[in-house]
Amino acid sequence: MIKNKLQKAIISVAFIATSLVASDSSTNSLVGIEGGYSSVGYENTTTPNQYTAGIGQLGLKLGAESKDYRVFLSGRYLVSGDGTFDYIAAYGGELQYKFNISKAFDLFIGVNGGVASMKFTAEGETASRTISDPFVGGDLGANIHLGKTTDLEFGGRVLSIQATNDKPAASYLVGNMFTGYASLILNGKWTDRKSVV
């Protein structure tokens, strides 16, 4: 129930933010393809023992930007390189403020939120565990303008998941995910809203 309400709230806020950004006549629509590498921390809270898993990721994000702001709806799929996590899927939104340093690039800082779903097998166990819980976090990075319609984005992101999976044998807490990534961002001018019937 709470997860469904959170998902609806995130989607509603993202659409409202996109509409506000798009109301600016100088607004661009954005499509991004992302690749990166994440480190996920989790712990056996019964023992307690702490672990870290390295995970590669691919993602897609859709959004809009004005002179000072960007907003995205995003989805990412992560597969563990060391076999700990069968998968992690994260979807949500990002709102970012841009620092327009020069015509060649800009810097950004932002907040993000959404839902992370994952399946993993804990050390010494044969049965899988699953989690589907909300996250909040922040991101920062730089956009290098390769041309009028293409940017190359380099950034870092942290997600605070704080989700627990309980079983009689042990409880596991998935904590924070730290990600370094690169995105190819394609942008295009929004249709003039006055001409839309």
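Gln162 counts as partly exposed, because its relative accessibility is 41%, where partly exposed lies between buried, under 20% relative accessible area, and exposed, over 50%, with a 1.4 Å probe and protein chains only. Gln162 sits in strand 7, residues 150–166; strands are DSSP runs of E, at least two residues, numbered from the N terminus. Its phi is near 50°, a positive value in a residue other than glycine.

On provenance: this is a predicted model, where local features need pLDDT of at least 70 and side-chain atom pairs count only at pLDDT 80 or more, while totals for chains, interfaces and linings use all residues. Residues are numbered from 1 along each chain as its sequence is written, and side-chain values use heavy atoms, with hydrogens and water left out.

Next, Asp139. Asp139 belongs to strand 6, residues 129–145. Asp139 is buried but has no salt bridge, meaning a side-chain nitrogen of Lys or Arg within 4 Å of a carboxyl oxygen of Asp or Glu. The nearest side chain of opposite charge is Arg157, 4.2 Å away; Lys and Arg count as positive, Asp and Glu as negative, and His and the chain ends are not counted. Beyond neighbours within four places in sequence, Asp139 has contacts (heavy atoms within 4.5 Å) that include Glu94, Gln96, Phe108 and Arg157.

Last, the backbone at Pro48. The peptide bond from Thr47 to Pro48 is cis, with omega near -10°. Pro48 lies in the loop between strand 1 (28–44) and strand 2 (49–65).

Definitions and conventions
Helices (H or I, at least four residues) and strands (E, at least two) are DSSP runs, numbered from the N terminus.
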